[in-house]
Amino acid sequence: MVHEPERPSASGGGTQPEEADRLRELLRSPAYRKALVFSALIGVPVSLAAFWFLAGLHELEHQLWDELPAQLGWETPPWWWPLPLLAFAGLTVGLVVRHLKGAGGHVPAGGLHAAGMAPAALPGVILAALASLPLGAVLGPEAPLIALGGGLALLFARLARAPETPQSAALLGAAGAAAALPAIFGNPVVGAVILIEVAGVGGPQLFAVMLPALLSSGIGSLVFTGFGRWTGLSTGNLSLDLGVPSPRLDTGDVVWSVLMAVGVAVALHFVLDAGRLAAVFIARRPVAHTAVCALAAGGCAAVYALATDRTPVDVASSGEAPLGHLAENPHAWGVGALVAVLLCKAAAYALCLGSLRGGPIFPSLFLGAALGVLLAPLPGLGVVPGMAAGMAAASAATLRLPVSSVVLVVLLLGDTGMTPVVILAAVASFVTVQLLPAGHAVPALGKPAEPPDVPAAEPAQDRAAPN
């Protein structure tokens with residue numbers, strides 16, 4: 001359907017006029033224009049499927065963590081509540097890994113992957129996400145959405161009997177994933193930027209991937225907004241309402257932000273490596289060991305609730321809701337509660353990264369924000385700059401996508417005044433993790449799915465890791 005533009009020669013590279021000529025040739029190609037139209041068309045059914053998927057996750061989580069405890073007479077879930085839920089989640093995901101194609105999707109400890117999931121793996125992806133995210137996995141929904149969007153786009157293309165080449169499959173996969181992402185980030189640009197940076201393309205190839213991704217992402221955002229108003233259902237939305245005013249940046253904010261970014265990068269490097277070790281442990285006996293790791297993650301939430309007399313949801317969740325509460329009222333969290341949530345959620349995060357299914361973004365944002373609030377009393381550092389720098393550093397260290405991390409945090413804050421510390425923290429964190437040892441590799445799990453006729457891009461984390 002689409003012919004990949006020629007790459008510049010290794011000897012001299014393409015000049016700017018040559019790059020522009022290739023781009024014009026690409027845009028004049030009837031096959032590429034057909035791909036743009038098809039990307040717009042598949043954006044509608046893919047975003048509708050993603051809407052119902054996210055709405056189902058959100059409603060199931062609400063029933064399990066809000067409605068059911070209230071019906072049993074508890075104002076908030078008791079301390080032991082995460083234990084049976086996460087044990088069941090681990091058992092279910094372990095069975096999916098062993099028996100279904102695609103092993104329920106990529107192991108989160110391996111980082112975000114470009115859209116390359118085969119349609120045959122979609123049942124396992126959906127079931128593993130439904131068993132993980134609403135039951136208390138310390139993971140977000142972005143990775144299952146990327147797999148769902150990309151897989152559905154390829155499935156629709158095959159049903160329509162569209163001509164399929166490796167290049168067209170890559171474009172449609174990116175477009176489908178971009179159509180599925182806008183709801184969780186509240187902005188269609190963020191998902192497209194993440195997918196482009198994950199794919200690691202440049203030159204005319206960048207525009208070849210960017211245009212279908214942006215087009216489908218914008219259509220997906222319209223569908224999410226309109227369908228959400230029509231049905232009255234909620235899919236969640238990663239946006240912050242800061243309960244404290246944004247100050248002017250000064251020297252102290254800048255210095256502490258860079259130092260904090262280095263510390264966040266080192267800490268999350270070890271957390272992610274612990275997650276990869278958990279994945280190695282699980283590869284030996286997927287069902288039993290997945291259940292053990294998930295139960296241990298529930299134990300982290302139970303210990304936190306017992307130690308702080310707060311809800312275990314602070315630990316046993318993606319972090320989206322606790323992040324909103326933290327931003328609205330950061331002073332409601334004492335020093336002890338912040339230290340406890342950092343330690344317990346980091347441990348549960350590592351266990352879930354290697355065992356359950358989801359994405360790594362949401363918990364890392366919460367951990368970075370919580371550390372920023374904890375360190376805010378340092379001389380010259382404010383609460384808002386601390387949170388902004390912490391989130392940017394945590395996102396860059398986890399995803400190893402510095403541009404996406406900057407865009408995400410700036411849009412999340414809704415305030416461009418923090419952009420300088422966000423950029424500095426993201427760059428400092430990214431450079432730091434690049435200089436650290438690569439760590440353990442994530443083993444392959446489960447039955448392989450049917451290949452999608454296009455080599456999947458390397459995961460962002462693994463692609464950026466030093467040799």
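Biologist: How many helices and strands does the chain have?

Modeller: The chain has 18 helices and zero strands. Helices (H or I, at least four residues) and strands (E, at least two) are DSSP runs, numbered from the N terminus. This is a predicted model, where local features need pLDDT of at least 70, side-chain atom pairs count only at pLDDT 80 or more, and totals for chains, interfaces and linings use all residues. Residues are numbered from 1 along each chain as its sequence is written, and side-chain values use heavy atoms, with hydrogens and water left out.

Biologist: What pLDDT does the chain average?

Modeller: pLDDT is the predictor's confidence in each residue, from 0 to 100. The chain averages 81, and 76% of the residues score at least 70. Among the elements, helix α13 (residues 335-355) has the highest mean pLDDT, 97. Helix α18 (residues 460-464) has the lowest, 47. Over residues 462-467 the pLDDT is below 50. That stretch has 16 contacts in the model beyond near neighbours in sequence. Contact means heavy atoms within 4.5 Å. Where pLDDT is low, the predicted coordinates should not be read in detail.

Biologist: What share of the chain is buried?

Modeller: Buried means under 20% relative accessible area, exposed over 50%, partly exposed in between (1.4 Å probe, protein chains only). Here, buried residues make up 57% of the 467 residues.

Biologist: Which residues of helix α12 are buried, and which helices do they pack against?

Modeller: Helix α12 covers residues 320-328. Its buried residues are Pro322, Leu323, Gly324, Leu326 and Ala327. They pack against α13, α14 (361-375) and α15 (383-399).

Biologist: Thr398 lies in helix α15. Is Thr398 buried or exposed?

Modeller: Thr398 counts as buried because its relative accessibility is 0%. A polar atom of its side chain lies 2.8 Å from the backbone oxygen of Ala394.

Biologist: Now backbone angles. What is the phi of Asp309, and where is Asp309 found?

Modeller: Phi of Asp309 is near 60 degrees, a positive value in a residue other than glycine. Asp309 is found in the loop between α11 (286-308) and α12. It counts as exposed because its relative accessibility is 74%.

Biologist: And Arg400: what is its phi, and is Arg400 buried or exposed?

Modeller: Arg400 is not a glycine, yet its phi is positive, about 55 degrees. Its place is in the loop between α15 and α16 (402-413). At 5% relative accessibility, Arg400 counts as buried.

Definitions and conventions. A polar contact is a pair of N or O atoms within 3.5 Å; within protein, one must be able to donate a hydrogen and the other to accept it, and residues adjacent in sequence count only if both atoms are side-chain atoms.
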